[in-house]
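Biologist: Please show me the model, and let us then discuss how its parts are arranged.

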Amino acid sequence: MTLTTRTIAGLALIAATVTACAPGAAPTEAPDAGKAVSSALPTEPVTLTLSHFEEGGQGKAIEQLAAKYQQLHPNITIKPTYTAFADYGKNIKLQMSSESAPDIAQAGQAQTMQGPLVQAGLLRPLDEYAKLYGWSERFKPGLLDQARFSKDGKTFGTGELYGIALGGNLVGIYYNRDKLAKLGITTPFKDLAAFQDALAKAKAAGETPIQLGNLEAWPGNHVLSDLIAQYEPHENGLNWVYGRKGATFDSPGVQQATKTLAEWAKAGYIDSSANGTSDSDGVGKFIKGKGVFMVSGSWNRSRIDENMDGKAGFTAMPPVKAGDPVRATGATTSPFSISAKTKYPDVAANFIDFMTRPENAATLFQGGYLPVAERDAGEPKAGSAQEGLVETWQQVLADDGLALYLDWATPSMGDTLFPAVQQLIAGKTTPDKLISTVQENWADERGNG
Amino acid sequence: MRANSRVAYLYILPGFLVFALFVLVPLGHTAWLSLYDWDGITLGTWTGLDNYTEQLADPDVRTAFSHSMVFLFFFAALPVGLGLVLASVLSRFRLRGLGFFRTVIFLPQVVTAVVVGIAWRWMYADEGTINQLLSAVGLDGLARAWLGDFTWALPALGLVGTWVMSGLCMVLFLAGISKIDASLYEAARVDGAGPVREFFAVTLPGLKQEMAVGLTLTTIAALRSFDLVYVTTGGGPGNATNVPGFEIYKLAFRQGAVGEACAVAVMLTVLIFTVVLLITRLLREKL
């Protein structure tokens with residue numbers, strides 16, 4: 001078939017019509033942007049919707065707080081709607097840009113959810129409310145920065161505040177108390193070398209040193225990022241996640257961390273079935289006694305405590321040099337943001353403030369949230385993994401040592417880094433190759449490598 | 001005559017409207033979006049064919065398409081072959097409980113892909129059924145977490161496809177065989193043809209249409225596969241089981257690269273059309 005003038009003309013016409021309109025919408029200003037904020041509440045009946053993906057106890061805590069709020073303000077109804085996380089992330093953009101957008105919505109930090117929403121002008125900056133309610137005094141330093149974004153939605157960590165979180169999460173080392181006693185290992189570890197000695201001891205005794213279910217590919221990345229948090233200077237790590245100019249993954253600290261993980265895998269410290277075992281099945285194996293340690297996050301804590309009943313503990317990944325500040329992969333839970341479309345931003349901000357007030361700290365703590373504000377929320381059960389977790393969390397916050405999550409760096413970082421970690425653990429890639437692949441993605445997406 | 005054909009179009013119209021609304025329009029929309037750099041909400045920018053060249057140059061995307069070819073073998077070639085053998089054997093012998101076997105072999109077709117995926121994920125786990133069977137017959141050495149193995153994960157998923165699609169092919173071919181004139185078989189037998197000869201001389205040519213249908217269905221299932229990968233490996237380990245369908249999902253829903261996702265989707269559609277066209281052409285003329 002040859003291209004005739006007619007087909008060329010036809011194609012040109014199609015191209016012309018197609019280019020005439022582009023998908024999507026340009027960002028719009030909030031309807032009442034610039035209006036003074038107030039903590040005064042309206043007297044007429046008001047109903048606000050709140051979208052979230054918090055499961056179990058954490059979700060229940062939100063419902064309890066919404067009910068309590070309504071008791072205090074009978075004319076205001078807060079309607080929480082839960083969507084499973086797997087669906088939430090896919091729908092949030094559509095939801096927030098629709099006419100019936102929820103007034104308050106949970107939006108994950110960085111490029112996962114918040115970035116695109118800020119770029120589209122769908123979230124309301126909260127700085128004036130932060131001033132009004134004194135949020136920067138209420139939350140520990142560094143925690144609010146995670147929910148800050150530049151107005152163009154490109155870089156985060158500084159800029160305007162777009163959300164407030166109810167709690168935190170953290171990655172560290174779960175351990176099996178019975179096995180530690182048998183092997184004669186004591187915690188906390190004074191330094192990373194002590195932990196590596198423990199791993200060698202466990203291996204020599206015929207145990208699986210580290211249980212890991214890495215079928216989904218992201219769990220293994222948490223082991224790596226907890227190691228990076230020890231080897232890499234803290235500021236460098238944060239700069240890289242925040243996407244600041246000049247930051248690089250190809251640094252001595254990251255190299256050392258990646259090499260260490262590869263060595264652990266090679267030495268058989270990590271369950272050989274890791275890549276073929278789902279996260280949930282991995283936790284199940286640890287509970288059943290396969291694995292002396294498990295490097296995982298606080299989200300698995302309640303299942304472990306419920307099933308191991310005092311036989312599990314939690315400690316931080318130790319620093320390279322004994323006595324150095326405690327650092328860990330972790331962040332606040334996904335913050336709550338206010339829709340730019342809401343008619344009642346004052347009420348929405350008041351409710352967000354209410355959820356994080358000291359008098360409600362106990363409700364959040366009982367729901368399983370790690371406390372983010374300066375207050376005494378309650379006491380965990382002695383001898384539980386929760387006890388170690390809360391203690392580690394307080395230490396990390398006191399040392400300002402939250403290292404955040406590596407996949408926040410760019411929208412496609414997870415899809416780049418996670419498979420590479422699977423390859424690293426299986427010996428299918430080298431530390432150098434992993435680092436260059438990751439840094440290439442970072443430079444491409446940030447356009448400022 | 002003209003009035004008649006107009007009436008005929010009128011009959012097609014309701015079906016066509018639904019087809020246009022739910023297939024043609026979205027297809028056109030996808031093609032249109034594939035020409036833009038678009039994140040799903042903010043204003044997109046026109047990029048022409050950049051998404052296509054960029055995705056074609058991406059080694060991950062190319063690997064995904066090559067995995068599709070492996071799936072073609074496991075989802076289409078193998079089930080059609082197995083289906084032919086099963087159907088000719090089952091139709092030759094008066095088996096007791098034939099209906100039962102037919103149902104059992106067809107059953108995977110009835111079960112939702114997600115359930116199939118989760119069930120096989122457990123069977124392939126390091127302490128799963130497959131490894132238990134292996135160690136029962138003294139092959140412990142072969143046992144592994146199959147879906148986490150860089151070499152075996154893709155064939156392991158492929159075999160799930162074989163398991164699902166074989167029953168469909170078998171039932172299709174059984175129906176086809178029952179349609180073949182019995183006198184042809186008699187003639188073959190009188191001429192002294194054995195079962196093998198009979199298969200190639202009578203059964204196979206008689207099943208041309210059914211083979212076209214079976215190959216088309218299984219090929220489409222192979223190329224568009226997403227759900228199985230989604231619930232079992234998520235494309236891993238590494239990218240060892242990534243397929244175009246899953247790549248589209250990653251781009252659109254995880255990375256917010258809607259334009260790129262649409263470009264891959266259009267390429268996949270074109271590929272499926274081409275392969276299916278080839279199949280129907282080949283089976284119409286030859287055999």
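**Sheet and helix packing**

Modeller: Strand S1 (residues 46–52) of chain A and S2(A) pair in the parallel sense over seven bridges; two strands pair if DSSP finds at least two bridges between them, and strands are DSSP runs of E of at least two residues, helices runs of H or I of at least four, numbered from the N terminus. This is a predicted model, in which local features need pLDDT of at least 70, side-chain atom pairs count only at pLDDT 80 or more, and totals for chains, interfaces and linings use all residues. Residues are numbered from 1 along each chain as written, chains are lettered from A and ligands numbered from 1 in the order written, and side-chain values use heavy atoms, without hydrogens and water.

Biologist: Which residue is the bridge partner of A:Thr49 in S2(A)?

Modeller: The strand to search is S2(A), with which S1(A) pairs in the parallel sense. There, the bridge partner of A:Thr49 is A:Lys79.

Biologist: Which strands stand at the edges of the sheet?

Modeller: The open sheet has four strands with mixed pairing, in the order S2-S1-S3-S11 (chain A). Two of them have a single partner strand each, so one side of each is left without a neighbour; these are S2 (76–82) and S11 (336–338) of chain A.

Biologist: What angle do helix H12 and helix H13 of chain A make?

Modeller: H12 (residues 279–287) and H13 (residues 301–308) of chain A pack with their axes 10 Å apart; axes are lines fitted to C-alpha atoms, for helices over the stretch in contact (heavy atoms within 4.5 Å), and angles run from 0 to 180 degrees between N-to-C directions. H12(A) is roughly parallel to H13(A), a class for angles under 35 degrees. The angle is about 30 degrees.

How values were computed:
Angles under 35 degrees count as roughly parallel, over 145 as roughly antiparallel, 65 to 115 as roughly perpendicular and the rest as oblique.
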